[in-house]
Amino acid sequence: MDPFAEIRPYNDDEVAQVLPRLLADAEFIAAITRLKFPSMPAFLGRLLAPLVRRALGRELADVVDVASLQFVIEKYMSKMIEDTSAGLSVSGLEALDPSEPFLYMSNHRDITMDPAFTNYALYHHQHETVRIAIGDNLLTKPYVSDLMRLNKSFIVNRSATAPRQILKAYRQLSAYIHHSIVEDRAPVWMAQREGRAKDGLDRTEPAIIKMLAMAKPKEMDFGEYIASLRIVPMAIAYELDPCDGMKAAELSQRAATGEYEKAEHEDVASIAQGIAGTKGHVHVSFGTVLGADFDSPEAVAAEMDRQIIESYRLHPTNICAYRMLHGEEVPLPDNLELAEASCSEDAFRQRIEALPAEHREFALATYANAVVSKLQLADAG
């Protein structure tokens, strides 16, 4: 019996039976049609759907395993980067041994693009692509679940409510991540927290580290176990957040009413917006492997935060947002390296001013709080 069958990615021998199911899914074909023809009216997209299905079938005809599918996905990813971003830059990866498996733990700004940009960076630097942790709350449509699991995603059970169910799910997840790194020697990506940092404050949840340690043998020291997972903190920085307006609307409502209820399939809409929306320049920073000198989940989380904030590459949009939100210049050191800019200050101001007035402060915070974190880290140091 496979103890991870319910949550693991699809194996190579399962690809052939899943692909026909995807091609037969009308919603999946509609989503691919919108991706290929983003400005086309909906009624024309419906007319084109049969042609898109046939073309996609031809494109997938030679796919026999996960690796060959990822080769196809890479072409879509390359086109998406060309169409919706001003380029991708990478730092820190040259210091990591491509023959070793790592648990990449990242800040979390976009549901699918965070692991997608991570994979793209790894793929083009001759590192193995990752198994991706994804919450079951995102798998509200069958084609999304199939597509994610074909692309090496494994499921984090967030729908469990009873204490015993939650404990069982966390133990299974912890064991699977440990199995992936230590037994399969397969790299893993997961976020530093549950849910995106909609306010722009990247902070590691110690509960995530506690979950990782559930699979620790009793005789093993906590620090030794952390070292065995080969955790690498990493930071992804977007010049423009495609979902900034959606995040601001949610934060504004929470501030006004104390609560927010997601619309049906809202996460799927965020996924689509994150893929198709303008991102500007994107920078992915890889940190250094965590060793054994930790005695608690809180200590691991603190080092995670330090590395992520330190390596986060600020864009001029972050500086502009800080100035707009706080009404003052940013007291950052002169030698601070900023990422490349593709969005002018005027264009960024127009982007923010196009939002409802009550949302603007929250949208600015999604950008400005990266600067706040840098300043706090400098003060602490």
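The model is predicted, so local features are given at pLDDT of at least 70 and side-chain atom pairs at pLDDT 80 or more, while totals for chains, interfaces and linings use all residues. Residues are numbered from 1 along each chain as its sequence is written, and side-chain values rest on heavy atoms, without hydrogens or water.

Helices (H or I, at least four residues) and strands (E, at least two) are DSSP runs numbered from the N terminus. Seven strands form an open sheet in the order S1-S7-S6-S2-S5-S3-S4, with mixed pairing; two strands pair if DSSP finds at least two bridges between them. At the edges lie strand S1 (85-91) and strand S4 (153-156), each of which pairs on one side only. On average, and with direction ignored, neighbouring strands are turned by 25° against each other. Angles in general run from 0 to 180 degrees between N-to-C directions, with axes fitted as lines to C-alpha atoms, for helices over the stretch in contact. Strand S3 (residues 131-135) runs parallel to S4 and is joined to S4 by four bridges; in one of the pairings, Ala133 has Phe154 of S4 as its bridge partner.

H4 lies across S1 and strand S7 (280-286), at about 115° to S1. H5 touches S1, strand S2 (103-106), S3, strand S5 (188-191), strand S6 (231-238) and S7, and its direction makes about 110° with that of S6.

These two helices also meet each other. Helix H4 (residues 66-84) and helix H5 (residues 113-123) pack at about 110°, with axes 11 Å apart. H4 and H5 are therefore roughly perpendicular, a class that covers 65 to 115 degrees, whereas angles under 35 count as roughly parallel, over 145 as roughly antiparallel and the rest as oblique. Among the residues in this contact are Phe71 and Met77 of H4 and Phe117 and Tyr120 of H5.

A further helix pair is formed by helix H14 (residues 345-353) and H15, at about 135° and with axes 9 Å apart. That angle makes H14 oblique to H15. Phe348, Arg351, Ile352 and Glu353 of H14 meet Arg360, Ala363, Leu364 and Tyr367 of H15.

The interior can be described through nonpolar cores, which are sets of buried Ala, Val, Leu, Ile, Met, Phe, Trp, Tyr and Cys residues joined through side-chain atoms within 4.5 Å. Buried means under 20% relative accessible area, exposed over 50%, and partly exposed in between (1.4 Å probe, protein chains only). The largest core has 80 residues, and those with the most contacts inside it include Leu103, Ile231 and Phe348. Helix H15 (residues 357-380) gives the most to this core, with eight residues. A second, separate core of 24 residues includes Leu93, Tyr104, Ala116 and Phe117.

Some single residues complete the account. Phe222 lies in helix H9 (residues 222-229) and is buried at 13% relative accessibility. Lys152, in the loop between helix H6 (142-150) and S4, has a positive phi near 70° although it is a residue other than glycine; Lys152 is buried, with a relative accessible area of 13%. Arg185, in the loop between helix H7 (163-183) and S5, has a positive phi of about 55° and is partly exposed at 41%.

Terms used
Contact = heavy atoms within 4.5 Å.
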